[in-house]
Amino acid sequence: MPLAQRYDAALCDLDGVLYLGEEPVPHAAESVAAARAAGQRFAFVTNNASRAPRSVAKRLTGLGIPADVEDVVTSGQAAARTLAERLPAGATVLVVGAAALADEVRAVGLRPVRTVAEAGDAGPDAVVQGLAPTTSWADLSEATVALHRGALWVAGNTDLTLPTSRGQLPGNGAFVEVLSQVTGREPLVAGKPDPALHHESVGRVGATRPLVVGDRLDTDVLGAVRGGADSLLVLTGVTDVAGLVAAPAGSRPTYVGRDLRALLAPQREVEVEGETARCGASKVTATGGVLRGDTSDDDGLRAAAALAWSLADDGRPVRWDG
């Protein structure tokens with residue numbers, strides 16, 4: 001049975017799954033349309049806090065993927081909720097991020113500021129950090145001062161990279177790491193893989209059998225594992241074949257596909273015998289610690305992953321000879 005029929009809702013990541021920077025991912029729009037025609041509902045779940053949900057919905061619609069603002073769940077919303085649960089109404093929050101993140105902070109009854117001085121003599125009660133293309137040394141310096149003073153620290157996510165049409169660029173996690181190294185502190189993380197964002201997404205679409213769809217092992221897939229859901233990993237963003245076969249136990253997807261067309265076809269069983277795996281007409285072998293085979297289609301990917309994980313769990317890790 002195709003995954004679009006097996007699961008009543010897809011909790012779909014954005015960067016690296018539906019678009020890369022300003023460019024649409026090939027086959028994404030038509031695959032979402034076909035999955036919806038088969039009865040699958042969609043929530044669009046992103047760790048990127050740089051855009052407001054309304055802006056994300058408008059952008060998706062412009063790419064041929066109709067979306068309402070209620071369909072969009074962002075780490076900025078999750079970060080604001082995390083702050084509101086821990087701070088009194090009207091508390092000051094130093095925002096290191098985009099205007100959309102400051103708007104989310106304001107929406108939960110807190111006061112966003114951009115400098116320590118703006119918060120008054122006591123300084124900010126908290127620092128919230130999300131991705132923004134304008135983040136500067138000055139922004140990180142203000143956050144450093146606030147954190148040294150003991151402010152609560154919440155990060156929307158810790159993704160080290162952001163997939164774009166130009167390749168992997170620095171993500172919010174890279175800037176979080178700077179502050180962590182300078183202050184010796186670690187933030188509360190509100191986005192994926194935190195289960196709260198997953199449960200919010202499930203509630204948005206009323207899913208009884210959700211499928212998490214993403215391009216990252218450390219956020220999308222791990223978030224699915226922590227949320228008790230199955231997952232589909234697509235290789236249109238961060239993770240490549242080498243990363244897939246090296247996935248550690250606990251961060252392995254239920255299904256894998258080259259792109260979102262994997263939602264529309266049955267996922268064939270993989271047969272593993274010794275150092276050989278077969279899926280459909282595809283065959284992958286392991287010799288001398290190296291995997292070899294054709295992974296140009298989804299069956300080949302599944303065979304490679306299943307064989308690599310079987311051998312790794314048996315204490316015989318292998319690498320992909322790409």
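Author: What follows is a set of questions and answers about a predicted model.

Reader: Start with the rings. How many aromatic pairs does a search of the whole structure find?

Author: The search finds two. One joins Y7 and Y255. The other joins F42 and F44.

Reader: Why is the pair of Y7 and Y255 called edge-to-face?

Author: The centres of Y7 and Y255 are 6.0 Å apart. Ring centres within 6.5 Å make a pair. The planes of Y7 and Y255 stand at 75°.

Reader: What does the pair of Y7 and Y255 tie together?

Author: Y7 lies in the loop between α1 and β1, and Y255 lies in strand β15, so the pair ties together parts that are 248 residues apart in sequence.

Reader: Are Y7 and Y255 buried or exposed, and how do you know?

Author: The cut-off for buried is under 20% relative accessible area. Y7 has 1%, so Y7 is buried. Y255 has 13%, so Y255 is buried.

Reader: And what makes F42 and F44 a stacked pair?

Author: The angle between the planes of F42 and F44 is 20°. Planes under 30 degrees apart count as stacked, so F42 and F44 are a stacked pair. Their centres are 6.0 Å apart. As for burial, F42 is at 4% relative accessible area and F44 is at 0%. Both values fall under 20%, so F42 and F44 are buried.

Reader: What does the charged end of R59 sit over?

Author: The charged end of R59 sits over the ring of Y19, 3.7 Å from the ring centre. The distance limit is within 6 Å of the centre, so 3.7 Å meets that part of the test.

Reader: Why is D125 called partly exposed?

Author: D125 has 38% relative accessibility. Buried means under 20% and exposed means over 50%, so a value in between is partly exposed. D125 is found in the loop between β7 and β8. Leaving out residues up to four places away in sequence, D125 touches L87, A91, T92, A151 and L152. D125 and L94 are 31 residues apart in sequence, yet 7.9 Å apart in space, C-alpha to C-alpha.

Reader: How do you know that β8 pairs with β6 and with β9?

Author: A pair of strands needs at least two bridges. Four bridges join β6 to β8, and these strands run parallel. β8 and β9 also have four bridges, in the parallel sense. Q129 in β8 stands opposite V96. In β9, the bridge partner of Q129 is A155.

Reader: Which way do the residues of β8 point?

Author: A126 and V128 point one way, V127 and Q129 the other way. All are buried.

Reader: What makes β16 and β20 edge strands?

Author: Five strands form an open sheet in the order β16-β17-β18-β19-β20, with mixed pairing. β16 and β20 each pair on one side only. Within the sheet, β18 and β19 pair in the antiparallel sense over four bridges. T285 stands opposite R292 in β19. Helix α11 lies across β16, β17, β18 and β19, running at about 30° to β18.

Reader: Last one. How do helices α4 and α5 cross?

Author: The axes of α4 and α5 come within 9 Å and cross at roughly 35°. The crossing is right-handed. In α4, G76, Q77, A80 and L83 meet L101, E104 and V105 in α5.

Terms used:
Residues numbered from 1 in each chain as written. Predicted model: local features only at pLDDT ≥ 70, side-chain atom pairs only at ≥ 80, totals over all residues. Heavy atoms only, no water. Helix = DSSP H or I, 4+ residues; strand = E, 2+ residues; numbered from the N terminus. Contact = heavy atoms within 4.5 Å. Axes fitted to C-alpha atoms, helices over the stretch in contact; angles between N-to-C directions. Phe/Tyr/Trp six-rings, centres within 6.5 Å; stacked < 30°, edge-to-face > 60°. Buried < 20%, exposed > 50% of the residue type's maximum accessible area, 1.4 Å probe, protein only. Lys NZ or Arg CZ within 6 Å of the ring centre and 35° of its normal. Left-handed = near helix turned anticlockwise from the far one by under 90°.
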